[in-house]
Amino acid sequence: MAEVSQTIMEKAEARFLERQKKTVERNKATAEYLSETKARAIKTARLRELRLAKEEADRVAEALNPAPKRKRAPRTVKKTASTEVKS
């Protein structure tokens, strides 16, 4: 009877240790995921600020120095084969 009790106790301890190990791994994975998410959000915000600053600088530069209008090249008439009738 004592052997059965001891075996059950060993199995319970093994299950407990396995669950504890899985919990630690899950917590580590969650922390890593949250860290990556936070880093991505920070990077995205920084890149957005840089993009908006560049767009604003481009708008200011365009307002100060408008691009000259291009003159359109004259159209050339395509030569087509004449349809003269020879008699």
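**Salt bridges and surface**

I started with R51, which counts as partly exposed at 42% relative accessibility. This is a predicted model, so I read every value here as computed.

Which residue does R51 pair with in a salt bridge? I found E55, with the closest N and O atoms 3.4 Å apart. E55 is partly exposed too, at a relative accessible area of 31%. The two sit 4 residues apart in helix α1, so about one helical turn separates R51 and E55.

Next I searched the whole structure and got 3 salt bridges. Another one joins K54 to D58, and its closest N and O atoms are 2.9 Å apart. I noted both residues in helix α1, 4 residues apart, or about one turn. K54 is exposed because its relative accessible area is 52%, over the 50% cut-off. D58 comes out partly exposed at 40%.

I then looked at E56 and R59, whose side chains meet at 2.7 Å, N to O. They lie 3 residues apart in helix α1, again about one turn. Both ends are partly exposed: E56 at 40% and R59 at 49%.

Where is the positive surface patch? I traced it through K11, R15, R19, K22 and R26. I checked R15 and placed it in helix α1, residues 2-64; at 53% relative accessibility it counts as exposed.

Last, the overall view. I counted 1 helix and 0 strands. Buried residues make up 0% of the 87. The protein exposes about 9,600 Å², with carbon and sulfur atoms supplying 58% of that area.

Terms used:
Residues are numbered from 1 along each chain as its sequence is written. This is a predicted model: local features need pLDDT of at least 70, side-chain atom pairs count only at pLDDT 80 or more; totals for chains, interfaces and linings use all residues. Side-chain values use heavy atoms; hydrogens and water are left out. Buried means under 20% relative accessible area, exposed over 50%, partly exposed in between (1.4 Å probe, protein chains only). Accessible areas come from the Shrake-Rupley method with a 1.4 Å probe; for residues, only the protein chains shown count as cover. Patches are made of residues with over 30% relative accessible area and no salt bridge: like charges are joined within 9 Å, nonpolar side chains (Val, Leu, Ile, Met, Phe, Trp, Tyr) within 5 Å. A salt bridge is a side-chain nitrogen of Lys or Arg within 4 Å of a carboxyl oxygen of Asp or Glu. Lys and Arg count as positive and Asp and Glu as negative; His and the chain ends are not counted. The place of a charge is taken as NZ of Lys, CZ of Arg, CG of Asp or CD of Glu.
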